[in-house]
Amino acid sequence: MLPGPHRLKRPSDFGQAVRRGARAATPTVVVHVMRRNDQDPPEFTRVGFVVSKKVGNAVERNRVKRRLRHLSGQFDLSARRDVVVRALPDASSQPDRLADDLASAWRRAPARGAAGSTC
């Protein structure tokens, strides 16, 4: 489970991470990762989730969001980054693939940002 302080909550934080962060996509999720400055609090990773109505009805969207929140707790959250995980429509139709896709995108996004120095 992801503790409250580790969650992105403000719309401006979501927008910044999506616009300025490095991106990695898989068939079920897109992960945007933005490195924060050393002066910006807090000292750990914050994660936000975007699950649109294209994913399904409210029950399916909440199920996908809960799974993503649970799965993101297994990653290293000690770095000073903002991460936005955007679920794609296949996230609800292929739930068995969600864990592997999230892990793959989570690993690749910071590597892509290192080349462009945004992450």
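Start with the aromatic rings: the count here is one pair, where rings of Phe, Tyr and Trp (its six-membered ring) pair if their centres lie within 6.5 Å, planes under 30 degrees apart being stacked, over 60 edge-to-face and the rest tilted. Select F75 and W106: their ring centres are 4.5 Å apart and their planes at 15 degrees, so the pair is stacked. F75 sits in the loop between α2 and β4, while W106 belongs to helix α4, 31 residues apart; helices (H or I, at least four residues) and strands (E, at least two) are DSSP runs, numbered from the N terminus.

A note before moving on: this is a predicted model, in which local features need pLDDT of at least 70 and side-chain atom pairs pLDDT 80 or more, while totals for chains, interfaces and linings use all residues. Residues are numbered from 1 along each chain, and side-chain values use heavy atoms, without hydrogens and water.

Next, colour by burial (buried is under 20% relative accessible area, exposed over 50%, partly exposed in between; 1.4 Å probe, protein chains only). F75 is buried at 16%, and W106 is buried at 6%.

Now show what W106 touches, leaving out residues up to four places away in sequence: V31, V47, S72, F75, L77, R81, V83 and V85. Contact means heavy atoms within 4.5 Å.

Finally, colour by pLDDT, the predictor's confidence in each residue, from 0 to 100. The protein averages 87, and 89% of the residues score at least 70. Select residues 115-119, where the pLDDT is below 50; this stretch has 13 contacts beyond near neighbours in sequence. Where pLDDT is low, the predicted coordinates should not be read in detail.
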